[in-house]
Amino acid sequence: RIDQNTLGVEFESYSCTGYDIDGNCQSWEGDIESLEEVEWSKCFCPPSGCQSQDAVWLCDEWELPKTRELFYEGHIGGLIAFIFAECFCTCLFFKADEEGDALLVASAASWCGGLILLPFLVLTYGFYGFLFCGGFFWFVRIVGCCCLVATTIKIPKMERPSNKVRMQRGASKILGRGGSRSIQPAEVKEPSNEPTNETNNVNA
């Protein structure tokens with residue numbers, strides 16, 4: 001059969017459901033199927049006459065998109081594209097540091113990118129597509145947030161910098177510019193009460 005050698009064609013099947021007194025079809029139904037959708041149509045002609053040139057047929061049609069399996073041949077390219085996009089959003093986690101500055105920037109960027117991709121991924125491939133393409137990466141995001149909270153708690157509250165400062169230092173570390181050097185308490189010199197040499201000379 002020729003149907004075995006075609007792809008993407010639309011198959012239509014119609015059947016008469018009612019006849020007039022002359023044996024002519026007065027109403028019919030049709031089933032239509034393609035790769036993208038399925039349709040069901042129904043038409044009927046008023047009793048005034050269906051054979052005249054000005055006959056009016058009243059029709060209704062319902063259609064629904066067809067849900068295909070996740071690894072359908074036409075889905076492979078889109079799945080790969082979503083996986084690469086998720087990899088791009090989470091690659092900054094490799095720049096994470098012990099202080100958590102770069103981790104803060106990586107988490108913020110990854111969550112923003114993931115939230116942008118999420119509705120497109122779910123609407124295109126459904127829940128199982130989300131699990132396949134994004135499940136692992138969302139697990140990495142959650143683990144990254146837990147690590148960020150842990151590193152933040154380790155920093156004493158009095159020494160904890162603002163999020164703005166941490167974001168700036170984290171961005172510098174990710175870009176390879178190095179973080180800004182912070183002044184340690186031991187490096188701060190206290191003012192001395194001892195007289196200087198200049199003062200001693202004046203007194204003399």
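Strand E2, which covers residues 25–33, pairs with strand E3, residues 37–44, in the antiparallel sense over 7 bridges, where two strands are said to pair if DSSP finds at least two bridges between them. The structure is a predicted model, in which local features need pLDDT of at least 70 and side-chain atom pairs count only at pLDDT 80 or more, whereas totals for chains, interfaces and linings use all residues. Residues are numbered from 1 along each chain as its sequence is written, and side-chain values use heavy atoms, with hydrogens and water left out.

Within the E2 and E3 pairing, Glu29 stands opposite Lys42 of E3, and the two strands form a hairpin with 3 residues between them. E3 also pairs with strand E4 (residues 58–65), again in the antiparallel sense and over 8 bridges; here the bridge partner of Ser41 is Glu61 in E4. In a regular strand the side chains alternate between the two faces of the sheet.

The chain as a whole has 4 helices and 4 strands, both being DSSP runs numbered from the N terminus, with helices (H or I) of at least four residues and strands (E) of at least two. Read along the sequence, these elements follow the pattern β-β-β-β-α-α-α-α. Of the 204 residues in the chain, 24% are buried, a term that stands for under 20% relative accessible area, with exposed meaning over 50% and partly exposed in between (1.4 Å probe, protein chains only). The accessible surface of the chain comes to about 15,100 Å², of which 60% belongs to carbon and sulfur atoms; such areas come from the Shrake-Rupley method with a 1.4 Å probe, and for residues only the protein chains shown count as cover. Among the contacts (heavy atoms within 4.5 Å) in the chain with a separation of 6 or more, 48% are made by residues 24 or more positions apart.

The largest nonpolar core consists of 10 residues, namely Leu70, Leu79, Phe82, Cys89, Leu117, Leu121, Tyr125, Phe130, Cys133 and Trp138, a nonpolar core being a set of buried Ala, Val, Leu, Ile, Met, Phe, Trp, Tyr and Cys residues joined through side-chain atoms within 4.5 Å. Two or more residues of this core are given by helix H1 (76–90) and by helix H2 (101–154), and H2 gives the most, with 6 residues. Apart from this core lies another, of 5 residues, among them Leu103, Leu104, Ala106 and Leu148.

Phe82, placed in helix H1, counts as buried because its relative accessibility is 14%. Neighbours within four places in sequence left aside, Phe82 is in contact with Leu117, Phe120, Leu121, Tyr125 and Cys133, and its C-alpha atom is separated by 9.8 Å from that of Leu118, which lies 36 residues apart from Phe82 along the chain.

Ile76, which lies in H1, is partly exposed, with a relative accessible area of 36%.

The count of salt bridges comes to 3, with a salt bridge defined as a side-chain nitrogen of Lys or Arg within 4 Å of a carboxyl oxygen of Asp or Glu. Glu86 forms one with Arg141, the closest N and O atoms being 2.6 Å apart; Glu86 lies in helix H1 and Arg141 in helix H2, so this pair ties together parts that are 55 residues apart in sequence. Both Glu86 and Arg141 are buried.

The side chains of Asp101 and Arg166 likewise meet in a salt bridge, at 3.2 Å from N to O. Asp101 lies in helix H2 and Arg166 in helix H3 (residues 163–174), so the pair ties together parts that are 65 residues apart in sequence. Asp101 also meets Arg169 in a salt bridge, at 3.0 Å from N to O, which links Arg169 in H3 to Asp101 in H2, 68 residues apart. Arg166 and Asp101 are both buried, and Arg169 is buried as well.
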